[in-house]
Amino acid sequence: MLSRVADSLYWMSRYLERAENTVRQLDVTMSLMLDTGGASDEMRWNRLMTALGKPPGLEWNGDLDALARSMIFDSLNRASITYCVNAARDNARQVREEISTEQWQRLNRLYHQMHSPHVQTQFRSNINDALASVLDGIHLFKGVSDTTMIHGQGWQFIRLGRYLERAYSTATLLEVYHLDLFHREQDHSGYQYLELVGLLRCCTSFEAYCQVYTADLSPDRILEFLLLNRDFPHAIRYSVDRVRDSIESIQRTGGRRPPEELTAGIGRLHAMLGYTTIGEIVAGNTAEFLHNIREQSMLIHELIYRYYVHYSIQSALTI
Amino acid sequence: MSAGHPTELETLFGDYPLDHAYDEMREAGGELRPHYRALAEALAKLPPDELQRRKQSADLSFLTQGITFTVYGRDEGTERIFPYDLLPRLITGEEWERIERGLTQRIAALNLFLRDIYSDAKILNDRVVPRELIYSCKHYRRQMRGLQVPRNVYISVVGSDLLRLNTGEFVVLEDNLRVPSGVSYMLTNRRVMKRTFPQLFHSYGVRPIEHYPQLLLATLRSLAPEGRPEPNIVLLTPGVFNSAYFEHTYLARQMGVDLVEGRDLVTHDNVVYMRTTDGLKRVDVIYRRVDDDFSDPLIFRSDSALGCAGLFNAYRAGNVTVTNAFGTGLADDKAVYAYVPKIIRYYLGEDAILPNVETYLLTGEKERQHVLANLDKLVVKAVGESGGYGMLIGPQSTARQREEFARQIEANPRNYIAQPTLDFSRAPCLIGNQLEPRHVDLRPYILFGDKVNIVPGGLTRVALEKGSLVVNSSQGGGSKDTWVLE
């Protein structure tokens, strides 16, 4: 497959994952703000911004409505949902012949939805519905991607984009919450409970968590669930396992010798999550552990690009 | 048409005007041409709003399939569907046979002409075509001199525009020897048409065209460099902002070849490679949809980012086939066009089967004065343009436009030609709920590899504005399916 095509499919998928993540975190933050106790709006907004990588131009100014609006619609702000959807569609448009008609139509519809005057009105009347319909669009796209596309290299690059983004953003989220929430004394006011549910909902994992641990929320278990669960799709370990599967599949179908650095890089992260207990993580430096996950995801991204997309001609000729 | 109580046919036609222009469906007296009778009767039998319903369903089908072209001039370039007329244009087997022979002859001669011009230039030495005409052509590529092209085929993908005059005879208006487009509309029109009028289609015995992508692939494969039995064939597109991008993706998908952009290609030791996730993969044949000028910044326009640096040298070395060859625009220059009948006679010793439209070159003093005096009756065209740009239609022009063109002609007579305003044929189109005649042309698609191949039919383009003579999609034209009958 052409490197440019792989690049576009990867970013199409990565941007949509980012949009989905942003929608959920924004939704959760705004609903947490309805409960005025526990923490200030400013603190919650700042936490959201830190989890999204501190995008410029969205610093707290007291006007939540305007901030949320630019978070959703400001197509010039790289953190906005519209920007991510636009970027995903731009990437899809450039590989129109590689993706299925169903995929294209879903994504196109989502794009037009973000740009229709209707959605602005919907936003004013009920922001939760508006965000939910965006999420629906993204879910539909993922569904048809899995059911209408050959599960070849192109599909694997789509999965790489999705799961690397997910691992990275979930690690960032946990890092932010870890500083904020996990060091506090247990409090029974109910606000901490709300915050913890919020964290789980940011990863669509509240119900899944309850199935595994019951509704007894404790920071350590949440951390264990979102970090180390091997069966839950939004857990970091699950995402890293999928990244590993996709890279193995790409290497199997390609004719080149598997790049050792990449195999080692992904293996290291996989082992780190597979052979560490939550006890060790909590007893050690948790923040560093989370930070390490992020760094390694970035490294894997760079290695993928170095081997599959931006390789030098000289290196390709000598292989 | 019978007198008295209006028949279903008469209702459908309403006041369908006939005049001196050839009508594809009706003879001068108003009777239906025999091959159109079944179509007209089938349409007349449909309930009144059924045609509209089918039209809407066809439109929707185009939109959801994303069969669009890009219109420039807005911020982002908007995507529109190519307007489509529901009624097929019919061509009898006999008429087609003549068109096919005529085009085969013409393409063979033009190819020999290109080969001659870029090697010994005998035709210039024999003074059949004036030397200054060739060397002043902006599409002449000095770099192609003495270069051996695979199988001596310069033009392997051609679309020539035909018109039918009021005598009923087809003439060639122009040849498109660079990067002709529109073939995807021909193919998708047919697909939609088969769904819209299945029984009618079946009863007519229409010759198939759906194998065009396969023929194109076979043509490209036949031109692969020697020693490359399993050639890697790619389609080179300028990218997503090109107005024909849909067609590029469509053809690549239908042929099962990679759609590449210039930035996907690299050259090393005069071999072209594409960057894949599996390393560099050698490219053997490039079906090029990028103009000469933008193909290789080292040889042609240095500011182009659409091509691939080093492509031309790889081509010159015979390591990659690029088709159409570079410099073929020379032979579709509108002034060279005037010489095509002579070119056919010179190389093949035959008379042209499909005649030319009478054309005035403006470099001669006498002809130029005649044209300048009659600008209001003639059509003036810039020789190197296409797509309906750079054109003056005398009878529909204002005095100011004519003055402007007169000034430009005086300044650069080589850059213009003039032709009589042609009353070319009209075919019935569905306008509202009635049939009305609109001007149509015909662009058959010719492939030339091992031999000349023409799928029966082509793209019939329609000037959807009443009375308009301009069929180009960039200027508000539409298209309809073309049925060549057994």
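I started at strand β4 of chain B: it runs antiparallel to strand β5 (residues 170–176) of chain B, with six bridges joining the two. Strands here are DSSP runs of E, at least two residues, and helices are runs of H or I, at least four, numbered from the N terminus; two strands pair if DSSP finds at least two bridges between them.

Ground rules for my notes: this is a predicted model, where local features need pLDDT of at least 70, side-chain atom pairs count only at pLDDT 80 or more, and totals for chains, interfaces and linings use all residues. Residues are numbered from 1 along each chain as its sequence is written, chains are lettered from A and ligands numbered from 1 in the order written, and side-chain values use heavy atoms, without hydrogens and water.

Back to β4(B). I found B:G159 opposite B:N176 in β5(B). The hairpin of these strands has five residues between them, and B:G168 has a positive phi near 90° there.

I then looked at β19 (residues 445–448) of chain B, which pairs with β4(B) in the antiparallel sense over three bridges. B:V158 has B:I446 as its bridge partner.

Is β4(B) buried or exposed? Eight of its eight residues (157–164) are buried, so the strand is largely enclosed by the rest of the structure. Buried means under 20% relative accessible area (1.4 Å probe, protein chains only). One side has B:V157, B:G159, B:D161 and B:L163, the other B:V158, B:S160, B:L162 and B:R164.

Zooming out, I noted 15 helices and 22 strands in chain B, and 58% of its 486 residues count as buried.

Note on methods: Buried < 20%, exposed > 50% of the residue type's maximum accessible area, 1.4 Å probe, protein only.
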